[in-house]
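Here are my notes on the model, point by point. Have the viewer open while you read.

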Amino acid sequence: MTSDRKIAANRENAKKSTGPQTEAGQRRSRRNAFRHGLAIAIGGDASLSADVEMMVQAVVSAGEQETAGVFARQLAVTEINLLRIRAIRASLFNAFYEKLDVQLRDYAVLNDNLAKLERYERRAFSRCKRALRAICQSG
């Protein structure tokens with residue numbers, strides 16, 4: 001059983017870690033996910049919807065079940081997300097290699113940016129595997 005003293009300490013610590021308190025900090029925090037555009041749903045991007053539809057048609061034939069089409073759409077969206085992530089990663093490496101005077105701090109910045117991309121890539125891979133499994137089970 002957790003003691004009352006520990007519960008009180010946990011509540012005090014939780015009050016300290018509630019995010020930015022100033023209006024400027026809150027605005028900056030709200031914009032974090034939009035920095036690279038990977039958190040934005042592809043369905044809302046008209047320029048990518050044609051690519052999604054083309055991939056869905058390649059995966060699902062006209063006579064297949066409707067559920068396979070839903071999973072094929074999920075698969076297409078995750079594949080396009082993976083392509084976007086890889087393009088961003090390539091641009092990070094290109095920008096790094098084009099620098100003439102690379103400092104130790106530049107390596108740290110590159111590492112931080114790659115670590116942030118990895119989060120989105122893991123999520124996309126997980127969704128891709130889930131959609132492939134569902135397509136295989138529905139067929």
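Predicted model: local features only at pLDDT ≥ 70, side-chain atom pairs only at ≥ 80, totals over all residues.

1. A cut-off before anything else: buried means under 20% relative accessible area, exposed means over 50%, and partly exposed is what falls in between, with a 1.4 Å probe and protein chains only.

2. Some ground rules. Residues are numbered from 1 along each chain as its sequence is written, and side-chain values use heavy atoms, with hydrogens and water left out.3. The overall fold is quick to describe. The protein has five helices and zero strands, and from the N terminus on its elements run α-α-α-α-α. Helices here are DSSP runs of H or I with at least four residues, strands are E runs of at least two, and both are numbered from the N terminus.

3. Now some totals. Of the 139 residues of the protein, 22% count as buried. The accessible surface comes to about 10500 Å², and 55% of that belongs to carbon and sulfur atoms. These areas come from the Shrake-Rupley method with a 1.4 Å probe, and for residues only the protein chains shown count as cover. Taking contacts with a separation of 6 or more, residues 24 or more positions apart account for 66% of them, where contact means heavy atoms within 4.5 Å.

4. On to charge pairs. Side chains of opposite charge can pair when their charged atoms come close. How many salt bridges does the structure hold? It holds three, each defined as a side-chain nitrogen of Lys or Arg within 4 Å of a carboxyl oxygen of Asp or Glu.

5. Lys 15 and Glu 12 make one of them, with the closest N and O atoms 3.5 Å apart. The two sit three residues apart in helix α1 (residues 4-16), so about one helical turn separates them. Lys 15 counts as exposed at 59% relative accessibility, while Glu 12 counts as partly exposed at 43%.

6. Glu 121 pairs with Arg 89, and here the closest N and O atoms are 2.7 Å apart. Because Glu 121 lies in helix α5 (residues 104-138) and Arg 89 in helix α4 (residues 66-98), the pair ties together parts that are 32 residues apart in sequence. Glu 121 counts as buried, at 13% relative accessibility.

7. Asp 106 deserves a look of its own. This residue is found in helix α5 and forms a salt bridge with Lys 99, the closest N and O atoms being 3.0 Å apart. Is Asp 106 buried or exposed? Buried, with a relative accessible area of 15%, whereas Lys 99 is partly exposed at 40%. Leaving aside residues up to four places away in sequence, Asp 106 touches Phe 96, Lys 99 and Asp 101.

8. Back to Arg 122 and its surroundings. Which residues form the positive surface patch? Arg 119, Arg 122, Arg 123, Arg 127, Lys 129, Arg 130 and Arg 133. Patch members have over 30% relative accessible area and no salt bridge; like charges are joined within 9 Å, and nonpolar side chains (Val, Leu, Ile, Met, Phe, Trp, Tyr) within 5 Å. For the bookkeeping, Lys and Arg count as positive and Asp and Glu as negative, with His and the chain ends not counted. Each charge is placed at NZ of Lys, CZ of Arg, CG of Asp or CD of Glu.

9. There is a nonpolar patch on the surface as well, formed by Val 102, Leu 104 and Tyr 107, with about 320 Å² of accessible area together. Val 102 has its place in the loop between α4 and α5 and counts as partly exposed, at 32% relative accessibility.

10. Asn 81 is found in helix α4 and counts as buried at 15% relative accessibility; not counting residues up to four places away in sequence, Asn 81 touches Ile 42 and Ala 124. Cys 136 lies in helix α5 and counts as exposed at 63%.
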